[in-house]
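Hello,

Here is the structure for you to look over. My notes follow below it.

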Amino acid sequence: MPHNAINFKEKLGLFNEQWSPKVIAEMNDYQFKVVKLQGDFVWHDHKDTDETFIVLAGQLRIDFRDGYVELSEGEMYVVPKGVEHKPYAEHEAHVLLIEPRGVVNTGDEEDSKTAANDVWV
């Protein structure tokens, strides 16, 4: 079996669409997804799981009903399960998401930004 490192920049270079997470690895039942974000997302939550955001490039703000957190390159934040949130990036940000397999990016919300699930690059 070959042992190959996963390069984030290389994986992010394989697609252009925004708000469409792509799976790059799995560990047990968790998926590691890279995504390009720009502009406003939709308010949503994930009732059964936490969601981890790690900023690889750019800046990301995650809004909550009672405040927000700003993340820069090299920073991360874990949104607790059931907490309504809305990511926003003024300029394109590259983010690594860590969440269980099968999690839909918009939670239970149906929206034009609801992405296909389990798409690998």
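Strands here are DSSP runs of at least two residues, numbered from the N terminus. Two of them pair if DSSP finds at least two bridges between them. Keep in mind that this is a predicted model.

Start with the hairpin. It joins S4 to S5 through two residues. S4 covers residues 59–64 and S5 covers residues 67–72. The two strands run antiparallel, with six bridges between them. Across the pairing, leucine 60 in S4 faces leucine 71 in S5.

Next, the rings. There are two aromatic pairs. In one, the ring centres of tryptophan 19 and phenylalanine 41 are 4.6 Å apart and the planes are at 15 degrees, so this pair is stacked. Tryptophan 19 is in the loop between helix H1 and strand S1, and phenylalanine 41 is in the loop between strands S2 and S3, so the pair ties together parts 22 residues apart in sequence. Tryptophan 19 is buried, at 8% relative accessible area. Phenylalanine 41 is buried too, at 9%.

The other pair is phenylalanine 64 with tyrosine 77. Their ring centres are 5.7 Å apart and their planes are at 50 degrees, so the pair is tilted. Phenylalanine 64 belongs to strand S4 and tyrosine 77 to strand S6, 13 residues apart. Phenylalanine 64 is buried at 12%, whereas tyrosine 77 is partly exposed at 29%.

Last, charges over rings. The charged end of lysine 22 sits over the ring of phenylalanine 15, 5.5 Å from its centre. Arginine 65 lies over the face of tryptophan 43, 3.9 Å from the ring centre.

Best wishes

Notes:
Residues numbered from 1 in each chain as written. Predicted model: local features only at pLDDT ≥ 70, side-chain atom pairs only at ≥ 80, totals over all residues. Heavy atoms only, no water. Helix = DSSP H or I, 4+ residues; strand = E, 2+ residues; numbered from the N terminus. Phe/Tyr/Trp six-rings, centres within 6.5 Å; stacked < 30°, edge-to-face > 60°. Buried < 20%, exposed > 50% of the residue type's maximum accessible area, 1.4 Å probe, protein only. Lys NZ or Arg CZ within 6 Å of the ring centre and 35° of its normal.
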